[in-house]
Amino acid sequence: MQGRLFRVSPALGGGTIVAKVTPYPDLPQRVRRRYILYSETAGTVPLGYSAYVSGEGASQPWRRISGTSLSEGDVVRIAGTMGEVLYRRGSDHNTLLVTERCNCSCEMCVQPPRTSDDRTLLADLHRAITLFAKDTTVLGISGGEPTLLRGELVRLLRWLRSYLPATRLHLLSNARLFRYRRFAADVGKATDNMLTVGVPLNSDVPRLHDEIAGSQHAFDETVRGVLNLHRHGIAVEIRVVLTRSIVARIEGIAGFIRRNLPFACHVAFMGMETVGNAAANVDRLWVDPADFVDRLESAVGILRVAGIPTSIYNLQLCLLPRSLWRVARRSISDWKVEYLPVCLGCAQRHACCGFFGTDGMRASRAIAQITE
Amino acid sequence: MEYEVADEAVDFMFQGPSQTLKVEFQGGEPLLNFSLVQHITEACEERAAAEGKRVEFVVCTNLSEFTPSIGAYCRSHNIAISTSLDGPPDLHNAHRCNSHALVVAKIDLAREWVGADRVSALMTPTSLSLGRVRDIIDEYVARGFSSIFLRPLNPYGYATLAQGLSMSVDEWLDCYREGLDYILWLNRRGIRFREEFAAILLRRILTNVPAGFVDLQSPSGAGTAVLVYFGDSVYLSDESRMLAAMGDDRFRLAVLGRETFAEAMRSPTFVELLLSTMTEGVPMCHECAFQPYCGADPVGHYREQKDVVGHKAFSEFCKRHMGVFVQLFELLETPASKILTGWI
Ligand code: SF4
Ligand code: SF4
């Protein structure tokens with residue numbers, strides 16, 4: 001199991017710890033505080049580590065963890081009985097969740113907004129970042145809506161650039177607050193061309209976009225924000241989630257991007273993950289991909305002609321015409337992905353994105369093994 | 001340094017043929033005169049842009065005066081930071097009047113602004129450091145550094161002069177060996193950490209990339225790869241400047257405003273010095289197996305033997321380098337070579 005959250009028992013006292021996982025019990029005393037010792041056998045207890053965890057669990061000070069397994073170089077946070085993997089060594093899907101607040105309430109949101117104690121969260125993240133491997137290729141930042149942190153987001157981005165100079169950063173944001181040019185400029189300055197902002201676009205029609213985002217003026221502010229990002233040299237990716245109402249105008253959306261946002265570095269059409277709000281509204285939102293692949297194909301075509309790189313996320317290969325396989329990505333995080341029984345023995349399984357293990361694996365009626 | 005003199009210095013260095021220049025600000029404490037640092041930085045940037053050259057900057061500072069606004073300036077002008085960290089609190093504090101807590105806090109602040117990989121620290125060993133090399137390395141690891149430069153003692157440093165805290169070459173070599181072995185052990189424990197001197201030598205031994213290290217060039221890197229500007233004079237090296245402070249200015253290459261760069265480089269004494277420091281022809285070096293990787297140290301040899309070439313049998317430079325070469329070539333024959341080559 002590779003879950004992000006895990007349980008710790010008995011509870012760990014003494015406040016929150018943020019530390020890197022090591023299997024070595026003999027690290028130098030002076031550096032042990034930066035590490036938690038992870039051992040399958042929960043053997044001897046060398047002093048000085050910030051915690052001792054084991055899959056098995058034995059007597060104090062060892063803690064048993066469940067819900068995940070850890071490996072060398074992972075960075076975790078533990079408070080009481082709650083553990084969270086903040087960083088997986090070697091994964092390209094690491095994402096920092098920087099706030100749970102948001103200024104939209106999108107009907108298909110997978111992480112519905114909540115109030116959150118951002119100050120503590122940020123302090124922990126700053127510390128964690130210093131422990132990440134320097135050869136990390138890409139790191140995501142998401143929320144909630146990260147831009148609500150304003151100046152604190154700028155500081156976090158600068159911190160990331162400072163500690164991980166070779167890492168590309170990918171920020172998920174509705175970009176509304178980037179309508180303030182000063183903010184966009186500050187973010188650009190802090191990130192030296194290493195940042196891409198992924199911005200959801202729900203429609204080419206302002207009123208429809210706003211309805212889906214659950215917020216007035218969202219479209220106008222997002223578009224102005226995206227233009228500002230471009231103005232300050234920040235790469236922008238446009239993300240289109242394939243819900244029923246969005247799919248209804250998918251070619252219009254592609255045309256809007258081609259005409260008005262031709263500088264987009266990437267457009268992603270994303271199959272829905274039915275958790276959070278999306279799960280609550282699933283009957284209204286979900287549409288079988290089999291019912292829209294033709295229109296998706298023509299939307300991709302519009303962007304291809306415009307020379308805008310395009311990808312399809314989260315749609316299984318057997319649903320797509322072969323002409324679209326080229327743009328279909330294995331997009332589902334390694335710790336979430338699952339396959340159906342029918343996938344066993346499918347010739348394209350290695351190339352297929354599979355299903356979200358998190359959402360009850362809602363599958364199209366058209367799923368069918370591919371034989372060659 | 002006066003602003004007018006600084007302008008002359010900038011002019012002098014841009015007369016040279018190098019396409020990439022590296023400007024290192026030293027003191028005293030450069031941050032106490034940061035407006036001069038800014039003045040020189042911007043003058044260099046302007047010249048570099050006009051002439052299509054590249055210029056890089058480093059400030060050598062104890063960081064005590066470092067502030068976020070200095071950090072923001074360094075960040076936007078790509079100025080790296082080099083500071084001093086001699087080891088764990090007791091050792092650092094014994095060397096540098098109780099400044100350990102301050103410097104480690106400022107290192108973190110500097111990292112946030114300038115970039116973790118652009119803030120480096122140097123340690124100065126003294127006899128107090130003997131037997132403490134593991135502690136020193138632990139301190140660097142604990143403070144989040146990814147490398148250390150296990151340096152030999154600077155013979156003109158304040159510590160040696162004022163307190164007689166020197167260390168013999170043999171003591172240093174033992175210390176170096178213990179440190180290197182310990183660093184290799186740390187790497188086997190999943191802690192990625194480099195020893196810079198070994199990394200430089202390995203680059204020299206195993207690649208065609210120029211080491212860019214002043215001690216490892218033939219003829220002398222002092223004067224060709226590095227010039228030191230102090231007051232209105234240009235010296236061959238930092239050590240030359242210290243010699244001059246003690247009354248011997250034979251390694252002063254030029255006086256700003258008096259000689260041009262070309263005149264300084266053509267001066268008979270300098271040409272003579274270069275000719276005599278070609279290790280290919282120096283007695284003992286010419287038949288040494290390590291000659292292709294080694295270098296010359298005219299100023300050091302002069303200090304030691306009153307001769308810029310020096311008899312290598314009595315040369316600390318030779319003994320130190322030979323000792324390290326032997327260690328490295330031995331290690332390259334062991335499984336540790338995998339770790340070592342990863343440092344290149
Ligand atoms: S059968 Fe399964 S593995 Fe094969 S393409 Fe369809 S979803 Fe993917
Ligand atoms: S090790 Fe000594 S003899 Fe050999 S090249 Fe270097 S200085 Fe010369």
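The exercises that follow treat a chain interface, a domain interface and a ligand shell.

This is a predicted model, in which local features need pLDDT of at least 70 and side-chain atom pairs count only at pLDDT 80 or more, while totals for chains, interfaces and linings use all residues. Residues are numbered from 1 along each chain as its sequence is written, chains are lettered from A and ligands numbered from 1 in the order in which they are written, and side-chain values use heavy atoms, with hydrogens and water left out.

**Exercise 1.** Describe the interface of chain A and chain B, starting from the area buried between them.

*Solution.* Step one is the area: about 1,800 Å² is buried between chain A and chain B, and carbon and sulfur atoms give 50% of this; buried area is the accessible area (1.4 Å probe) that two parts lose on being put together, summed over both. In chain A, the residues that lose the most area to chain B are Arg30(A), Arg158(A) and Ser162(A), which together account for 32% of what that side buries.

Step two is the contact, meaning heavy atoms within 4.5 Å, to which chain A gives 20 residues and chain B 24 residues.

Step three is the pairing: the rule finds 5 salt bridges across the interface of chain A and chain B, each a side-chain nitrogen of Lys or Arg within 4 Å of a carboxyl oxygen of Asp or Glu. Arg30(A) meets Glu139(B) in a salt bridge between their side chains, at 2.1 Å from N to O.

Step four is the make-up of the side of chain A that touches chain B: its largest share, 6 residues, comes from helix α2 (residues 151–163) of chain A, and its residues divide into 9 nonpolar, 1 polar and 10 charged.

**Exercise 2.** Which salt bridge can be named between side chains of chain A, and how do its two domains meet?

*Solution.* The domain assignment gives domain 1 (5–86) and domain 2 (95–356) in chain A, and their C-alpha centres lie 33 Å apart. Between domain 1 and domain 2 of chain A about 830 Å² is buried, with carbon and sulfur atoms giving 58%. The count between these domains is 1 salt bridge, and the side chains of Arg77(A) and Asp124(A) meet in a salt bridge at 3.1 Å, N to O.

**Exercise 3.** Which residues surround ligand 2?

*Solution.* Ligand 2 is surrounded by Cys285(B), Cys288(B), Gln291(B), Cys294(B) and Cys318(B), where a residue is near if one of its heavy atoms lies within 4 Å. This shell divides into 4 nonpolar, 1 polar and no charged residues, since Ala, Val, Leu, Ile, Met, Phe, Trp, Tyr, Cys and Pro count as nonpolar, Asp, Glu, Lys and Arg as charged, and the others, Gly among them, as polar.

Technical notes. Helices (H or I, at least four residues) and strands (E, at least two) are DSSP runs, numbered from the N terminus. Domain bounds come from an automatic or database domain assignment.
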